[in-house]
Amino acid sequence: MPPLPTELQSSCDALYIYECQQAGLSIGDLEKLSYRQVQMLLDIYSFVHDAIAYADDDEEARKGEQEFWS
């Protein structure tokens with residue numbers, strides 16, 4: 001594994017790297033992408049993860065709304 005850039009060597013940044021890895025990004029990706037690009041990917045990952053986690057609740061809400069307006 002290549003050494004981390006100096007801006008990623010603190011303990012706070014270790015959590016950032018872990019979060020990126022959970023979203024499927026590697027250290028190499030972090031070296032190639034800008035901070036803004038990484039944040040956009042993390043936002044997309046978070047959105048998709050939430051959508052999957054709450055899919056059943058969303059479906060129940062849609063059914064309830066449909067029954068209410070019927």
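**Notes on the aromatic pairs and the fold**

1. Phenylalanine 68 counts as exposed, at 61% relative accessibility. The model is a predicted one, and the value for phenylalanine 68 is computed from it.

2. Tryptophan 69 also counts as exposed, with a relative accessibility of 66%. The cut-off for exposed is over 50%.

3. For the protein as a whole, 14% of the 70 residues count as buried. The accessible surface is about 5900 Å², and carbon and sulfur atoms account for 57% of that surface.

4. The secondary structure consists of four helices and zero strands. Along the sequence the pattern reads α-α-α-α.

5. How many aromatic pairs are there? The count is two. In one of them, the ring centres of tyrosine 16 and tyrosine 35 lie 6.0 Å apart with the planes at 25°. Planes under 30 degrees apart count as stacked, so the tyrosine 16 and tyrosine 35 pair is stacked.

6. Tyrosine 16 belongs to helix α1 (residues 11-22) and tyrosine 35 to helix α3 (residues 35-53), so their pair ties together parts that are 19 residues apart in sequence. Tyrosine 16 is buried, at a relative accessible area of 17%, whereas tyrosine 35 is exposed, at 57%.

7. Phenylalanine 68 and tryptophan 69 also form a pair: the ring centres are 5.0 Å apart and the planes stand at 85°. Planes over 60 degrees apart count as edge-to-face, so the phenylalanine 68 and tryptophan 69 pair is edge-to-face.

Key: Residues numbered from 1 in each chain as written. Predicted model: local features only at pLDDT ≥ 70, side-chain atom pairs only at ≥ 80, totals over all residues. Heavy atoms only, no water. Helix = DSSP H or I, 4+ residues; strand = E, 2+ residues; numbered from the N terminus. Buried < 20%, exposed > 50% of the residue type's maximum accessible area, 1.4 Å probe, protein only. Areas by Shrake-Rupley, 256 points an atom, 1.4 Å probe, with all protein chains shown as cover. Phe/Tyr/Trp six-rings, centres within 6.5 Å; stacked < 30°, edge-to-face > 60°.
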